[in-house]
Amino acid sequence: MNAPHIPKAFAASDVRSEEMLLNMGPQHPSTHGVFRVVIRTDGEIVIDSESHVGYLHRCFEKHCESVSFLQSVLYTDRLDYLTSMGNNLAFSLGVERLFTDLVIPERAEHIRVICAELNRIASHLLAIGTYGMDIGAITPFLYCFRDREKILSIFESICGQRLNYNYVRPGGVAYDIDDSMIAAIKDFCKYFRPKAQEYDDLLSNNDIFVRRTANVGVLSKELALSYGVTGPCLRGSGVKRDLRRDLPYSIYSRFDFEIPVGTGERGTLGDCYDRYMVRVREMIESLRIVEQAVSQIPDGPFKTDQIKGKLRPPKGESFIRVENSRGELGFYIISDGKDVAYRVKCRAPSFHNISLLTDISRGAMIADMVAIIGSLDIVMGEVDR
Amino acid sequence: MTPDKVHEILKAKHAQAVSAFDPNPKHPSIKIAPEFWRVVAKTLRDDCGLDYLVSLTAVDRAAELEAIYTLEVMDGARCPIHVRVLVPRDNPLIATVEDIWRTADWHEREAWDLMGITFVGHHNLVRILCAEDWEGHPLRKDYKSPDTYHGIKNNVT
């Protein structure tokens, strides 16, 4: 067969290529919230980019200086709204750290760990589901939401809320859990364990998904450290750092679990696929913690009786970090002895994780830019605070 | 890297720079004179191995503004140390460390935006969380929120 005739005017060497500025966001389905990035492109290739954040700034830190500590817990819900339990826990631990002799009841500690880990699973399910959707796979999203729904139902029975819980509070938790809730958590553990295989079949081993994510957006260990990246993004680059193991808070030192890290199994170490796989594996490790905690949960009070009346931490400063589903969430709390904080600073993991976007997306295709943003799994609520 | 060790190294290398040291195991902190901050920061990263800037907290201390750099070693025992740099409120200038810890770029922009500390030498010190045309620095204690913004009335009392 003869080669098709191509007019000379259409030869690739004759096509002019020039740079263009492309604005993506702030309202864009694949920027995961109101995140705006201005991209300098040459055709489909990203030459440079600049991130703009702040569209969701709600003065969280300023609010904390005008409402009481207990009311501030409610505001922490709205930081990383997909991991509210973790946010509540971090802030509560920070306030408790200001006291010298506060003892948190064992039952409360167990409930906190169970809720934080269930919430991590729910958050990773959403991350995985929407990541698949960014790449073009709709079905995994529905499967993820089916399972996430079960966790939200458990939370609804525990504290009446499905998203912003305001459940973990300084001194313990807001309400006790009863046997029916413990049974529901046990049922969920049994139900969810075999589901990981489903996600692997649907997404992890899907050839299209692997090709879209492997070798894309490679984040080197050095760059990750310099930008203070934490959580699954850091572990995806092969760094075994997890605060639950390195600097245990609450009662995490009692539980047996692994810390999954990226291995570059389908491409390069630190690529989008590695970050994705860390999340998939972390869900099973979180499930192991839930199973252990729920089997050991003791009877007793669910909050301390040492706090009476208004919560007035003594004068002082405290800094606390917990391993949230997106990385290290920290609170720097300064108290001057009143029931209102003098200063609260939130160290948000997504703020660090998204700040390196310019560096890892240089030279990528625009479609890969979407894959990279999705793999970093940001929540704008905590970037902008 | 324990706080005592960090203090020892800094004392040996920059004796004048260290103005206070609090070894409190729950919250160790070192106070550094602002004029030495850049050289001390290099020592902290290269000699003390504190390669991870966890957080930068800006605090309004009435006559002074304080920047608290929380630092840690990434590969090793986790033990954050807080480095305090205090500058006068009417002339709040601190040298930038964005080239020492790259994450300082956005953190310094945030501290400038919300607290009004100027980081000298920063390549792009513009507002990050507030709108570009916002006036004032909201986290200062004497901040008054504007009555209107682009015709939108402020009904918060």
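User: What makes chain A and chain B count as being in contact, and how many residues take part?

Analyst: This is a predicted model. Two residues are in contact if their C-beta atoms lie within 7 Å. By that test, 26 residues of chain A are in contact with 24 residues of chain B.

User: Which elements of chain A supply at least two residues each to the side that touches chain B?

Analyst: Three are helices: α1 (60–64), α9 (221–226) and α13 (349–355) of chain A. The others are the strands β6 (316–324), β7 (327–335) and β8 (343–347) of chain A.

User: What is the make-up by class of the side of chain A that touches chain B?

Analyst: That side has nine nonpolar, eight polar and nine charged residues.

User: Why are β6 and β8 of chain A said to stand at the edges of their sheet?

Analyst: Start with the order. The open sheet has three strands, β6-β7-β8 of chain A, and the pairing is antiparallel. β6 and β8 of chain A each have a single partner strand, so one side of each is left without a neighbour in the sheet. On average, neighbouring strands here are turned by 10° against each other, direction ignored.

User: How do you know that β6(A) and β7(A) pair?

Analyst: Strands pair if DSSP finds at least two bridges between them. Nine bridges join β6(A) to β7(A), so the two strands meet that rule. They run antiparallel. A:I320 stands opposite A:F331 in β7(A).

User: What packs on this sheet, and at what angle to β6(A)?

Analyst: Helix α3 (residues 84–98) of chain A does, touching β6 and β7 of chain A. The direction of α3 makes about 150° with that of β6(A).

User: Why are α4(A) and α12(A) called roughly antiparallel?

Analyst: Helix α4 (residues 106–135) and helix α12 (residues 272–296) of chain A cross at roughly 155°. Angles over 145 degrees count as roughly antiparallel. The two helices are therefore roughly antiparallel to each other. Their axes come within 9 Å, and the crossing is left-handed.

User: Which residues make the contact of α4(A) with α12(A)?

Analyst: From α4(A) they include A:H110, A:V113, A:I114 and A:Y131. From α12(A) they include A:Y276, A:R279, A:V280 and A:Q296. By class, this contact has 15 nonpolar, four polar and four charged residues.

User: What makes β1 and β3 of chain A edge strands?

Analyst: Their sheet is open and has three strands in the order β1-β2-β3 of chain A, with antiparallel pairing. β1 (19–24) and β3 (45–52) each pair on one side only. Neighbouring strands of this sheet are turned by 20° against each other on average, direction ignored.

User: How do you know that β1(A) and β2(A) pair?

Analyst: The rule asks for at least two bridges. β1(A) and strand β2 (residues 36–42) of chain A pair over six bridges, in the antiparallel sense. In one of them, A:E19 has A:D42 of β2(A) as its bridge partner.

User: How many helices and strands does chain B have, and what pattern do they follow?

Analyst: Chain B has three helices and nine strands. Along the sequence, the pattern is α-β-β-α-β-β-β-β-α-β-β-β. The C-alpha atoms of chain B fill a box of roughly 55 × 30 × 25 Å along the principal axes.

User: What makes a residue of chain B count as buried, and what percentage of them do?

Analyst: A residue is buried if 20 or more other C-beta atoms lie within 10 Å of its own. Of the 157 residues of chain B, 38% count as buried.

How values were computed
Residues are numbered from 1 along each chain as its sequence is written. Chains are lettered from A and ligands numbered from 1 in the order in which they are written. This is a predicted model: local features need pLDDT of at least 70, side-chain atom pairs count only at pLDDT 80 or more; totals for chains, interfaces and linings use all residues. Helices (H or I, at least four residues) and strands (E, at least two) are DSSP runs, numbered from the N terminus. Ala, Val, Leu, Ile, Met, Phe, Trp, Tyr, Cys and Pro count as nonpolar, Asp, Glu, Lys and Arg as charged, and the others, Gly among them, as polar. Axes are lines fitted to C-alpha atoms, for helices over the stretch in contact, and angles run from 0 to 180 degrees between N-to-C directions. Angles under 35 degrees count as roughly parallel, over 145 as roughly antiparallel, 65 to 115 as roughly perpendicular and the rest as oblique. A crossing is left-handed if the near helix is turned anticlockwise from the far one by less than a right angle, and right-handed if clockwise. A residue is buried if 20 or more other C-beta atoms lie within 10 Å of its own, exposed if 12 or fewer, and partly exposed in between; C-beta atoms are placed from the backbone.
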